[in-house]
Amino acid sequence: LNKIALLRNARGSNYPSLKDFANRAIDCGVDRLTLHVRPDQRHATCKDAYIVSELCKSNNIEFNLEGNPFSLKKGNFEGFENLARNTNPEQVTLVPDEEKQITSNHGWKNGAHDEELTKIIERLKIQHRVSIFIDPNIDCVDYATSMYSDAVEIYTGPYAKSFKAKEYKNQIEDIKSVSQYAKSKGLLVNAGHDLNLENISKLVETNLIDEVSIGHA
């Protein structure tokens with residue numbers, strides 16, 4: 001849906017319609033829809049988040065809002081926490097994107113942001129399930145646990161790249177180990193980035209992934 005929004009914005013009209021494509025996905029039987037709204041709103045916008053949230057609620061499926069929780073109100077961008085509160089998604093997925101970053105390419109790690117991130121997660125958990133984006137290693141699961149996250153989303157970019165080269169065995173084993181460890185800590189396990197109808201099959205076979213996001217790929 002983000003890429004549909006990107007094409008729409010480039011044309012300066014409402015074509016292609018994000019709402020129409022969201023309805024197509026719902027008709028196909030998806031369990032939830034995801035939007036990643038960035039402060040520059042270069043693809044999905046705050047207005048889109050309201051539209052998709054309403055569609056999800058009227059069709060009894062989940063809405064997952066992704067973004068950087070440190071993104072504050074700027075111009076007509078509401079700020080991530082405000083947008084989450086106002087659109088009321090069932091899940092928020094927190095991603096450590098910088099504002100000018102083209103796409104997500106790494107997960108959360110220990111840093112100077114830890115104390116503030118814990119406070120943000122505590123506020124968000126009052127209303128939403130909270131998932132944080134992590135690299136596929138055990139230390140990152142421990143970090144998610146220390147942040148009191150409900151779920152992790154494993155960054156599958158490296159796996160998708162290795163799948164294309166038909167050298168994915170080690171990547172899948174890493175994802176399995178991390179998923180099993182996360183489950184042992186009581187976390188839900190999501191996965192996303194560069195997934196498509198071919199490489200998703202090996203993730204399904206692990207029988208460990210609770211949710212996947214398939215988008216641009």
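A: Both faces of strand β2 are covered: Glu62, Asn64 and Glu66 are buried on one side, and Phe63, Leu65 and Gly67 are buried on the other. Buried here means under 20% relative accessible area, with exposed set at over 50% and partly exposed in between, using a 1.4 Å probe and protein chains only. In a regular strand the side chains alternate between the two faces of the sheet. Strand β2 covers residues 62-67, and six of its six residues are buried. Strands are DSSP runs of E with at least two residues, and helices are runs of H or I with at least four, both numbered from the N terminus.

The model is predicted, so local features need pLDDT of at least 70 and side-chain atom pairs count only at pLDDT 80 or more, while totals for chains, interfaces and linings use all residues. Residues are numbered from 1 along each chain as its sequence is written, and side-chain values use heavy atoms, with hydrogens and water left out.

Strand β2 also has a partner. Strand β1, residues 32-36, runs parallel to β2 and is joined to β2 by five bridges. Two strands pair if DSSP finds at least two bridges between them.

Elsewhere, two helices pack together. The axes of α2 (residues 18-28) and α3 (residues 46-58) come within 11 Å and cross at roughly 30 degrees. That makes α2 roughly parallel to α3, a term for angles under 35 degrees. Their contact, meaning heavy atoms within 4.5 Å, includes Leu18 and Ala22 of α2 and Ile51 and Leu55 of α3.

Definitions and conventions. Axes are lines fitted to C-alpha atoms, for helices over the stretch in contact, and angles run from 0 to 180 degrees between N-to-C directions. Angles under 35 degrees count as roughly parallel, over 145 as roughly antiparallel, 65 to 115 as roughly perpendicular and the rest as oblique.
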